[in-house]
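Please examine the protein shown below before reading the notes that accompany it. The briefing is arranged by topic for a reader who is new to structural description.

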Amino acid sequence: MSTDRYPFHEIEAKWQRVWEERKQFSATEDPSRPKFYCLEMFPYPSGRIHMGHVRVYAIGDLLARFKWMRGFNVLHPMGWDAFGLPAENAAIEHGVHPAIWTYENIDYMRGQLRKMGISYDWDREVTTCDPAYYRWEQLIFIRMLERGLAYRKRSTVNWCPSCQTVLANEQVEDGRCWRCDSEVTPREIDGWFFKITAYADELLAWCDKLPGWPERVLTMQRNWIGRSEGAEFDLPVAGRADLKVRVFTTRQDTVFGMTYAVLAPEHPLVDRLVIDAREREAVAAFRAEVAKQSEIERLAADRPKRGLRLKASVVNPFTGAEVPLFLADYVLMGYGTGAIMAVPGEDQRDWDFAKQHGLPIVETVERPAGFTGEAYAGEGVKINSGFLDGLTVAEAKRKAVDWLVGRGLGEAKVNYRLRDWGISRQRYWGAPIPVLYCDACGMVPEAEANLPVVLPRDVQLSGKGGSPLADVAHFVNARCPKCGGPARRETDTMDTFVESSWYFFRYCSPRYEGGMFERRAAEYWMPVDQYIGGIEHAVLHLLYARFYTKVLRDLGLVNVDEPFTALLSQGMVIKGGAKMSKSKGNVVSDDDIREKYGADTGRLFELFAAPPEKDLEWNDQGIEGASRFLNRVWRFVLAHLDELRSAPSAASPHPSLDIGRAFRRTIHATIQRVTDDIEHDFHFNTAISAIMELVNALYAFDTASLDRVPAGERGRLLREAVETVLLLLGPFCPHVTEELWSQLGHATSLFKQPWPSADAEALRRNEVTVVVQVDGKVRGRLTVDVDAAEERVRQLALGDEKVRPWVASRRVAKVVVVPNRLVNIVTIA
């Protein structure tokens, strides 16, 4: 075996084979041990894993191996989020069935993960497009349907007239279809929804009970849920006794500053308000323009607000004054009532719109001294507000609601930005929705005994005309489970976010056939102790998973409130200024890196180059540096193998010389630092830096201790240092460290060893360096005994040859001694 360079091809294949033969990472429930469920967000099998993907798996593997060595019973599974639109697109483009494309990709990506040496329990692998998996979410759909948590309604969607299909928001680019570039139009269709809004308050409340989550993610979820307290009331349409515009506001105290009102372009009242043919044409044109924008674009604070003034006006019930009525793109139908009272004095969006359209601005809150802004949203005393004048904002809010309620004009109201989860997809490659339509019985859920409703394979995919399932007669035509008569199956499939909302439960007992999971196993493993994934999933996936877990709890299936105790959102891997991705053409192949440098080197670079929550800039020099470091460790161990093997594998007794004591102090200081960096802070980059410093100290001690330290003592210290390096480096670079551990003569795996503990006695110092300041400036340093007497330290400081010139011509007024750290000398002329 090469002693000069680490032969990674040979070593990595060897240890991957050994770990597999030993079933080393298989997990079983063991109530006598603390458990640790470590999980990376499972991947979509898109074809190839690149170095942009490797980072999350390296982080998960590091934590899993670390926790094994800390004595935990670790569950570390892997599976595949296998349904989705890319498989359908590939089928259309390449003429291959989505199932074939998906399973071929899974086979390739599984091979890549195995070659990385990731410590997965492959016996727990799940694939969401397997009927044995999705049958259980079909059952939960039926349970939710029974409880009113699943329902069907008409909604407005993005429609591509060329492809004849519905598009998700992210598939609309500048108002056009991402596939054919046709102009997208809004269209109303029937679809299925999960009633996530029923859990809005609980989802929001639990954001304050997840200390292991990044505050950035929790803030995003709070904002997405968007709970707001306010008032709802009617604005009568002037001259139209039959029409009223219902508005919601969180700032009912500002109602005296209403100078106009706004309807969302989609508001159903618009068609009744517009009676003039020319105005109707203008409204249609405005609606068509707004339909080209995504909701994100419409709500963006940094873009001009677009509006259309209607001929109708409304009446402010507080003042009796008429105010103009507009359609505007910054008001959405899905939030509140789809209509607002506009108060430009206290709302920046309204202020911007008012300025664009020459509308009056009335201030209703007294500005603080020195305020030079535009709209003012802060606290203050009410002005220009009739009977609310002189009150604080909070007092005025309460009084305005009381006024509305007392006159029967409105009510206090809580609204949410969160909307119910639309799960219908007019696509093929997804889990069938288990519902039938019978002429006699109406809409009927499939009988549980008939589950799963299996997705048929014999379909023709064109990408046009909605779901191809509608053309599969043997799938569509079925018997009603209620009356036995002819019925038609639902041809929509479920959003793939449904599969990813419970897969972590299935890992607990993936082969269990009596339900979604075996309850005993789920109660042992859940919740997930550490979840790892990208910040791009901060809202939808994580929010849906939280909701689904609470539904399962309320169905009596689980006893946990939240699925993930702690969350780590890793940053992106950047190359050439952009996120590494196939579409950007800046991918670095994991296969190429493994072939040239080995899996351990690629992992080490990605864990060292940046803290995990920060973006990582890929550079070839960094990967070369990681390779050099591993080869440095490899060469040292093999060059000293005889000496290391002959030394006992036990903690060194107290070294007899200062050089040995200092070296052992470095060993145990590194243990303490690396442990803290991994366990408490996720500072993997600084942990690696500490290990590198220990390797430098190892080389230095090796040279300095020759002929100075007794041979037996030197051997014990070298072995303690080398074994410490391997134990600390193991979770980062498992193959090379496992091999070197074996070379030292150990018969059991490195990862079966306990994590090293810092020896407090080794860390103890007999001497410390004390800084000496004169009038606040450092003038010298002293080496003194630990806890030396204060008077002794004072005398040494005043007598130090570097300090004396700074006090010789001045009078010492005061000497402050901070034990073991500092002497501060204060002088006067």
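This is a predicted model: local features need pLDDT of at least 70, side-chain atom pairs count only at pLDDT 80 or more; totals for chains, interfaces and linings use all residues.

Residues are numbered from 1 along each chain as its sequence is written, and side-chain values use heavy atoms, with hydrogens and water left out.

**Domains**

- The domain assignment, whose bounds come from an automatic or database source, gives domain 1 (8–127 + 506–590), domain 2 (137–195 + 420–494), domain 3 (228–415), domain 4 (640–763) and domain 5 (767–828).
- The centres of domain 1 and domain 3, taken over C-alpha atoms, lie 47 Å apart.

- Helices (H or I, at least four residues) and strands (E, at least two) are DSSP runs, numbered from the N terminus.
- Strand β5 (residues 150–160) is joined to β9 by 10 bridges in the antiparallel sense, and A150 stands opposite F194 in β9.

**A buried loop residue**

- I196 is found in the loop between β9 (185–194) and α6 (200–205).
- With a relative accessible area of 0%, I196 is buried (buried means under 20% relative accessible area, exposed over 50%, partly exposed in between, with a 1.4 Å probe and protein chains only).
- Leaving aside neighbours within four places in sequence, I196 is in contact (heavy atoms within 4.5 Å) with residues including L203, W421, Y544 and F547.
- I196 and V551 are 355 residues apart in sequence, yet 9.3 Å apart in space from C-alpha to C-alpha.

- Strand β12 (residues 260–263) runs antiparallel to β15 and is joined to it by 4 bridges; A261 has M341 as its bridge partner.

**Helix pairs**

- Helix α22 (residues 684–705) and helix α23 (residues 711–729) pack at about 165° with their axes 10 Å apart; axes are lines fitted to C-alpha atoms, for helices over the stretch in contact, and angles run from 0 to 180 degrees between N-to-C directions.
- The two helices α22 and α23 are therefore roughly antiparallel (angles under 35 degrees count as roughly parallel, over 145 as roughly antiparallel, 65 to 115 as roughly perpendicular and the rest as oblique).
- Among the residues that meet between these helices are I691, L694 and F701 in α22 and L717, L718 and V725 in α23.
- The axes of helix α1 (residues 8–22) and helix α24 (residues 734–743) come within 9 Å and cross at roughly 80°, which makes α1 roughly perpendicular to α24.

**Strands around β29**

- Strand β29 (residues 767–774) and strand β30 (residues 777–785) run antiparallel and are joined by 8 bridges.
- These strands, β29 and β30, form a hairpin with 2 residues between them, and D775 in the turn has a positive phi of about 55°.
- Strand β32 (residues 822–828) pairs with β29 in the parallel sense over 4 bridges.
- V771 stands opposite R781 in β30, and the bridge partner of V771 in β32 is L822.

Notes: Two strands pair if DSSP finds at least two bridges between them.
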